[in-house]
Amino acid sequence: MLTVASSASVTTWDPVKSFSTEAMYMGNLYEPLLWKNPAGSAEEYTPALATDWKVSGDGLTWTFSIRDGVTFHTGEALDAEAVKNSLEAAKDHGGASFIWAPVKSIAAPTKDRVVFELEYAAPVDLIVSSTYGAWIVAPSALKAVGQDDKYFESGVDAGTGPYTLESYTPGEKVVLKKFDDYWNSDEPATYETVDIAITADAVTAQQMLTAGEVKYSTQIPLENIESFENDSSYTVNVSKSPFNFVALFNTTRPPLDDPAVRQALSYAIPYDDIIAVGAQGYGTQSHGPVPDGIFPYSADVPQYTQDLDKARELLAGAGHPDGGFALTLTYASENSAEKRFVPLIKDAFAQVGVEVKVKSQLFNQQWEEAKADPANAQDIFVLYYWPTYSDAGSDNLYSLFHSSDEPFFNLSYWKNDQYDQLIDEAGTYTATDRDKAQSMYEEAMGMLYDQAPGVFLYDAQAVSVVPHGLEVPAANENYPFTTFFSRFKPS
């Protein structure tokens with residue numbers, strides 16, 4: 001038996017509606033058509049419930065061959081109709097239904113073939129490998145939840161994955177059991193049972209690990225990682241993640257409506273210190289809002305470095321020779337990294353004559369207040385962000401900086417027609433000419449550097465502590481919330 005401490009709570013066991021931290025468990029119970037491999041892998045994807053796929057030259061028709069010999073935990077056989085029904089449900093009322101926006105129709109013309117017809121060209125291979133909204137669910141369960149929307153909440157599952165859900169005690173425990181009829185004989189689950197204690201406090205989880213109460217913890221406070229690096233009983237693994245931190249400037253009013261002022265403040269930021277304190281060293285300075293390892297990241301996108309003299313020079317040129325203005329900064333009080341590094345921003349801006357008034361709020365309060373009235377909103381919004389699936393062009397670059405009638409995640413409220421056109425056009429090439437899409441996205445990120453509607457602080461790294469005697473696979477930045485227990489092995 002594998003014993004684990006995890007902070008991942010469960011908001012729903014319904015794989016269609018799931019859009020929260022229960023993703024940690026979902027990837028063990030359910031499978032998508034494809035798995036997206038980490039950056040640098042020999043192959044971009046690993047086939048899951050689809051064995052192969054093809055796309056038409058115009059990017060509007062995608063055809064997937066469905067794997068034969070797969071059994072759902074309910075005993076039903078996987079076929080194309082089950083895939084069609086699952087993904088139609090995800091498109092209709094899924095927690096991440098918006099990822100299916102390009103899809104006009106889904107058909108199952110044969111028992112082993114699913115065809116997607118699109119409204120416009122889009123990377124369906126990336127969409128069907130999403131962390132959210134792409135799980136394939138047994139037909140009987142889809143029917144049952146149609147009659148009773150609480151069907152899943154008692155703690156049942158209806159997937160094809162290497163584990164089934166044996167039991168669930170809300171807020172306390174999740175127990176997974178090995179599925180003996182799992183189709184992938186090359187990667188069977190090692191442990192018969194995975195017993196997971198839901199442990200909200202990271203310090204408590206660390207204590208459970210060091211006391212031997214659990215064999216693995218998904219969370220250790222970053223400030224305590226160094227103690228494990230110096231302990232021969234543990235190995236610390238560091239991988240890429242899709243998470244990054246940005247600070248969005250309110251561009252709707254002076255002085256932040258002036259790009260020169262925004263550039264000046266970008267030069268004032270102590271990037272290295274923020275990584276050292278906020279990430280405890282486990283991060284890298286961002287190249288724009290796309291995290292390393294996620295399309296369309298590029299190390300060629302320019303970065304600001306701290307240069308207080310340059311900051312003062314730009315402020316003087318913009319009519320603020322001594323700074324002389326105050327800004328309100330908001331951050332999420334529950335985010336420990338933001339709590340650590342926000343004072344560094346305040347102190348750095350003070351050195352160029354800019355006062356920062358810090359306001360700590362629960363994220364939902366911070367977000368709702370920011371969307372309500374941009375003219376009277378915060379000046380700087382510190383945001384922890386990640387893409388819903390592994391296309392940060394259609395997510396990060398669009399969601400954070402494309403203009404809209406009403407703000408959602410574009411909390412800089414920035415509007416630039418040239419940027420919007422670039423992002424819109426680049427998205428149409430992602431499925432048919434990814435190199436062209438990459439080039440256009442890089443041009444757009446160059447505009448973000450030049451116009452500075454936000455400060456791109458750092459890409460957070462995934463850090464795990466592995467006790468000797470346990471083999472744990474490297475984290476996959478495409479599935480940051482999922483812990484794949486079937487790949488854990490004793491060593």
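This is a predicted model: local features need pLDDT of at least 70, side-chain atom pairs count only at pLDDT 80 or more; totals for chains, interfaces and linings use all residues.

Trainee: Why is Ser 18 called buried?

Mentor: Buried means under 20% relative accessible area. The value for Ser 18 is 1%, so the residue is buried.

Trainee: Where is Ser 18 placed, and which residues does Ser 18 touch?

Mentor: Ser 18 sits in the loop between strand E1 (2–6) and helix H1 (23–29). Leaving aside residues up to four places away in sequence, Ser 18 touches Thr 12, Met 26, Gly 95 and Tyr 132.

Trainee: What makes the pairing of the side chains of Ser 18 and Glu 22 a polar contact?

Mentor: A polar contact requires N or O atoms within 3.5 Å. The side chains of Ser 18 and Glu 22 make such a contact at 2.7 Å.

Trainee: Why are H7 and H9 called roughly antiparallel?

Mentor: Helix H7 (residues 259–268) and helix H9 (residues 308–317) pack at an angle of about 165 degrees, and their axes are 8 Å apart. Angles over 145 degrees count as roughly antiparallel, and H7 and H9 are therefore described in that way. H7 passes H9 in a left-handed crossing.

Trainee: Which residues of H7 and H9 meet, and how do they divide by class?

Mentor: From H7 come Ala 260, Val 261, Gln 263, Ala 264, Tyr 267 and Ala 268, which meet Leu 308, Lys 310, Ala 311, Leu 314 and Leu 315 of H9. In this contact of H7 with H9, nine residues are nonpolar, one is polar and one is charged.

Trainee: How do you know that H13 is roughly antiparallel to H14?

Mentor: The angle between helix H13 (residues 417–429) and helix H14 (residues 434–451) is about 160 degrees, with the axes 8 Å apart. The cut-off is over 145 degrees, so H13 is roughly antiparallel to H14. The crossing of H13 past H14 is left-handed. By class, the contact of H13 with H14 has 11 nonpolar, two polar and four charged residues.

Trainee: What caps the N-terminal end of H10, and which residues in H10 are buried?

Mentor: Asn 335 caps that end of H10, with a side-chain oxygen 3.1 Å from the backbone nitrogen of Ala 337. In H10 (residues 336–350), the buried residues include Ala 337, Glu 338, Phe 341 and Val 342.

Key:
Residues are numbered from 1 along each chain as its sequence is written. Side-chain values use heavy atoms; hydrogens and water are left out. Buried means under 20% relative accessible area, exposed over 50%, partly exposed in between (1.4 Å probe, protein chains only). Helices (H or I, at least four residues) and strands (E, at least two) are DSSP runs, numbered from the N terminus. A polar contact is a pair of N or O atoms within 3.5 Å; within protein, one must be able to donate a hydrogen and the other to accept it, and residues adjacent in sequence count only if both atoms are side-chain atoms. Axes are lines fitted to C-alpha atoms, for helices over the stretch in contact, and angles run from 0 to 180 degrees between N-to-C directions. Angles under 35 degrees count as roughly parallel, over 145 as roughly antiparallel, 65 to 115 as roughly perpendicular and the rest as oblique. A crossing is left-handed if the near helix is turned anticlockwise from the far one by less than a right angle, and right-handed if clockwise. Contact means heavy atoms within 4.5 Å. Ala, Val, Leu, Ile, Met, Phe, Trp, Tyr, Cys and Pro count as nonpolar, Asp, Glu, Lys and Arg as charged, and the others, Gly among them, as polar.
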